[in-house]
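Good morning, and thank you for coming. Please look at the structure first.

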Amino acid sequence: MFGSNRTSRPAPAHPVKLTKDPAGAPAINISKVREAGHIELAKRADKAGLALSKKGLNGIRAQAVLVLDHSGSMLNDYSNGKVQTLVERVLGFSLQIDVDGTVPVVPFDHRVLPTVEVTVDTYRDVVNRKIWRGMGDMGSTRLHEALRVVRDMAVITDAPLFCAVVTDGNPDSRPPTTDIVVDLARYPVFLKFIAIREVPYLQELDDLPADRRLLDNVDAKFFNDPSAVSDLEFADALADEWDTWISAAQRAGVVQGA
């Protein structure tokens, strides 16, 4: 009708098939991880299994991705080992879901740094060895640039992306960050923001109105001290709202099956 102000709903950009192990088994054999001497990692994977089962997601498969803030305000979190612990917790969660056993870690500050692939074989001290560039080489927070890397992954993925984003502050520029988050709603990407401190802007992303995007693709969690949170509490935080995203993504045609 002439004069209508209605806008068309965005279309899914790259639908993928969602798969789930019928027996609810983890993606990686946790017993073998434990037998190889990765005791704490295996414990974290076990807790992730409990968290996923509460949501009916045991056996679900995805590609886990970690976007990691490397800005100067994170200096203490890198130097005191908190970032290493966060990487290990995300890896433990990924052992339950990840399709290839590898978590691409995308560090960013005012630049997007080279992606580091983290596995059971490489996670120990990976932050100091491969990710952290030291006090003199940490920049600002151009989050939207890192999320564009995630979108590049989403364009070619065969599985949904579970993307954890660890940060401690507002991005340098909010409008392009909001724009890329809205655009990512068309892709099979669930964004789980893990904020080391209160970040009001991330709550704004979590609460974006439905008419702004194809579906709700964000959940934000806030931890003033992640080291004070148990592995199960952290796994519960990661799993929270993933089930509702999957249901919404199925209805929107972003994911198919399962």
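Two strands are said to pair if DSSP finds at least two bridges between them. Helices (H or I, at least four residues) and strands (E, at least two) are DSSP runs, numbered from the N terminus. With that in place, Val65 stands opposite Cys163 in S5. Strand S2 (residues 63–69) and S5 run parallel and are joined by 6 bridges.

A word on the source: this is a predicted model, in which local features need pLDDT of at least 70 and side-chain atom pairs count only at pLDDT 80 or more, while totals for chains, interfaces and linings use all residues. Residues are numbered from 1 along each chain as its sequence is written, and side-chain values use heavy atoms, with hydrogens and water left out.

Let us turn to the whole sheet. It is open, with 6 strands in the order S4-S3-S2-S5-S6-S7 and mixed pairing. Strand S4 (116–118) and S7 are at the edges with a single partner strand each, so one side of each has no neighbour in the sheet. From one strand to the next, the twist averages 20 degrees.

Helix H9 packs on this sheet and touches S5, S6 and S7, its direction making about 140 degrees with that of S6. Axes here are lines fitted to C-alpha atoms, for helices over the stretch in contact, and angles run from 0 to 180 degrees between N-to-C directions; contact means heavy atoms within 4.5 Å.

Which residues of helix H9 (residues 231–239) are buried? They are Phe234, Ala235, Ala237, Leu238 and Ala239, where buried means under 20% relative accessible area with a 1.4 Å probe, protein chains only. Their cover includes helix H2 (39–54), helix H4 (82–97) and helix H10 (242–252), besides strands S5, S6 and S7. Just after H9, Glu241 has a positive phi of about 70 degrees.

The axes of H4 and H9 cross at roughly 65 degrees and come within 10 Å. Leu86, Arg89, Val90 and Phe93 of H4 meet Asp231, Phe234, Ala235, Leu238 and Ala239 of H9.

Finally, the cores. A nonpolar core is a set of buried Ala, Val, Leu, Ile, Met, Phe, Trp, Tyr and Cys residues joined through side-chain atoms within 4.5 Å. The largest has 59 residues, of which Ile97, Phe162 and Trp242 touch the most other members. H4 gives the most to this core, with 8 residues. A second, separate core of 29 residues includes Ala146, Tyr187, Val218 and Ala220.

Key
Buried < 20%, exposed > 50% of the residue type's maximum accessible area, 1.4 Å probe, protein only.
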